[in-house]
Amino acid sequence: MQQASATGGPTPAAAKSVQSPPDSGESVEAPPKQVALAMDRLSQAGRVIADIRLGADRLLEALFVASRQPQQSPKPLQSILKEEASMRNCLQELRTIGRQLEDSGVLNESLRSRSNSWGLHMPLVCPDGAVVAYAWKRQLAGQAGASAVDRTRLALKAFTDQKRRFFPHLDDGAGGESVSKRHSGFQVSTDSHEEELNDDRTLSDILLNLEKEVKNVKVFTYERLDWLKRASSLPSSSNECIVESSKEHNFRSSNNLRQGTKRVITADKVAVIELLFPSVFRAVVSLHPAGSIDPDAVAFFSPDEGGSHVHARGFSVYHVYRHITEHAGLALQYFLGRRTETSLHSLLHWICSYQNLFSKVCRLLSMDTQAALLLPPVQRPYRNFTGSKPSSTQQSISFKDQSVDENQAYHVDCFPEET
Amino acid sequence: MPNKWVLNWQPNAGTTVNSQILNEVSQCVEGMNGVKEGRWKAALTFYKPMLREQALAAEFPRDFMGISLPEQPSKYYFVIRGQKIVLEAEQTIQTIMEKLQSYKTRVTLNFEGSQYRLGDFQLRVGKVVPLHSESLRGIVMEMEYLPISSLDKSRQMMEEFFDVCQEALSKRHLPGHFMHIEPNFAEYGLFDNYTSQHTAIQYATIMAQLIATAHAVQPVRN
């Protein structure tokens, strides 16, 4: 059937039709013509969508005018009716185009489920924008890819040229955001936040301080790809074989050795920080860009959990850690908004406050009425959280002997600072 | 492995277990928003030594038990409670034992019932029936907290959850209650990280209670 070969997907179901060349008698038009038609229709659809947007704006405007001057002239009413009619036409047109696209195979089920569309079979649209009709024209995609690389190279060249022109003082030859750059004091670079106030606020310093202040925590750093590998190799909680736990132990100890050297060498490539409180939880913090001290995501997991979903934007399979992750997202945004330079420091210390997750009492186990689940107190206040060091002059209370207020733990329903 | 408590139903003095109680417990769990997940089954076997002179039997431990657990289908666990021994072996050891004929089955008990999920907790409610019999000898409940596997860290959570369960059950005015006895795992050489061996020991431990319960009702047939 023509529509299968138009998508170009070598899925098992469509394999037969893909193999047969399109000019075996069934095609109506030659493939390039189909592609041109499809592109045409897509741009038509784009125009209709733009019309619909405009129509919606006009409708809103008319409604606004009508509300300002009630019962005045029938003009707003007329314009509303007119807009409504034209919107209907546009929507109908869009439907027709959609149907045409479906019939020609440009829109189909596999493209709708986007998770799979670039996976098993050939993409219909290359990153370059070129459209490829079917598998045996794969070289077109290759060419499109090659031209995409060229274009990127040109774009990068143009960018560096402009950067050299407009920001000559940044041109040290090193394009990246290495740690030393932070101390130069220039405020212009896009991602580095000034460290002048706290000279010891490099990533290594923060992590070393954390390890010193908080006992029981194990801190590891990774490059982003390395973390994915490690996450997948963690034993998953369903695997209860005793041998696994000893294997995991060995992996950890060898990993420790590896981590020791890793942190020293590639401090500017660190993109993932793992905080592990054995038997309580594992927190994964992602830094963006790599090597900076700007956290951009955090997630909590069971210490026994493993798999590719264990990363800073993933969610645990257990409710308790899912709840904490949600709450942590809010806390992260709060820390970032309040004072970006210290956000990582605050975040990490706040994460460490969860080490007594299963012992600190609100009343320990309470029914979360929304979700009808029994959870320990999963929310800890972050608004006035300072995570101060003992040597800090701001606080008279050191982190170690925190007052009761500083380290309260709450259930979702008991949380006092609900926004 | 997540921490698990195995609880035995202790009927009030003068009462017995019956399937009505089992139904009430199941309904109670479902009332706590428990989601039924499936069935489970475990088995426990008492062994007795095969000796030419039965008089010597007293020298051999009487509490030698073999346990098969649903979460480890390829394993078989041996417990000698008196000497605080627990052993994990492959399933095939049962074949070897049959061939050796050194120990024979005295009595086998089956634990079977339904499994429920309550958020991060997993509950199993089951009846205790001897093999080839329909008479209900007891009721057990397994309580598991899935996210963490440290005995120490999860203890408070388990205690609180146990309290919640007790509270829910007490509303039904059943003639009895669930009891939790934590065996001294350290004596068996086990550690804080929970494993199926811990479960085997817990089953072995509640056997004493079960037998006492059964005794109160009728003499245990040997």
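**Group meeting: two chains of a predicted model**

At 78% relative accessibility, His132(B) counts as exposed, because exposed means over 50%. His132(B) lies in the loop between strand S7 (121-130) and S8 of chain B. Its phi is positive, about 60°, although His132(B) is not a glycine. Why does such a value deserve a remark? It does so because most residues other than glycine have a negative phi.

Asn33(B) is found in the loop between helix H1 (19-31) and strand S2 (35-49) of chain B.

Chain B contains 4 helices and 9 strands, and along the sequence they follow the pattern β-α-β-β-β-β-α-β-β-β-α-β-α. Of the 222 residues in chain B, 52% are buried.

I turn next to the aromatic rings. How many aromatic pairs are there over all chains? The count comes to 19. One of them joins Phe358(A) and Tyr145(B) in an edge-to-face arrangement, with 5.7 Å from centre to centre and 80° between the planes. This pair crosses between chains: Phe358(A) belongs to the loop between helix H13 (343-352) and strand S5 (366-368) of chain A, while Tyr145(B) belongs to strand S8 (residues 138-145) of chain B. Phe358(A) is buried, with a relative accessible area of 1%, and Tyr145(B) is buried as well, at 0%.

Within chain A, ring pairs link a cluster made of Phe277(A), Phe281(A), Phe300(A), Tyr334(A), Phe335(A), Trp350(A) and Tyr354(A). Another ring of chain A, that of Phe220(A), has the charged end of Arg230(A) over it, 5.9 Å from the ring centre.

Finally, I ask you to look at two helices of chain A. The axes of helix H3 (residues 31-68) and helix H4 (residues 75-103) of chain A come within 9 Å and cross at roughly 160°. Which word describes their relative direction, parallel or antiparallel? Angles over 145 degrees count as roughly antiparallel, and H3(A) and H4(A) are therefore roughly antiparallel to each other. Their crossing is left-handed. The residues of the contact between H3(A) and H4(A) comprise 20 nonpolar, 4 polar and 5 charged.

How values were computed: Residues are numbered from 1 along each chain as its sequence is written. Chains are lettered from A and ligands numbered from 1 in the order in which they are written. This is a predicted model: local features need pLDDT of at least 70, side-chain atom pairs count only at pLDDT 80 or more; totals for chains, interfaces and linings use all residues. Side-chain values use heavy atoms; hydrogens and water are left out. Rings of Phe, Tyr and Trp (its six-membered ring) pair if their centres lie within 6.5 Å; planes under 30 degrees apart count as stacked, over 60 as edge-to-face and the rest as tilted. Buried means under 20% relative accessible area, exposed over 50%, partly exposed in between (1.4 Å probe, protein chains only). A charge sits over a ring if NZ of Lys or CZ of Arg is within 6 Å of the ring centre and within 35 degrees of the ring normal. Axes are lines fitted to C-alpha atoms, for helices over the stretch in contact, and angles run from 0 to 180 degrees between N-to-C directions. Angles under 35 degrees count as roughly parallel, over 145 as roughly antiparallel, 65 to 115 as roughly perpendicular and the rest as oblique. A crossing is left-handed if the near helix is turned anticlockwise from the far one by less than a right angle, and right-handed if clockwise. Ala, Val, Leu, Ile, Met, Phe, Trp, Tyr, Cys and Pro count as nonpolar, Asp, Glu, Lys and Arg as charged, and the others, Gly among them, as polar.
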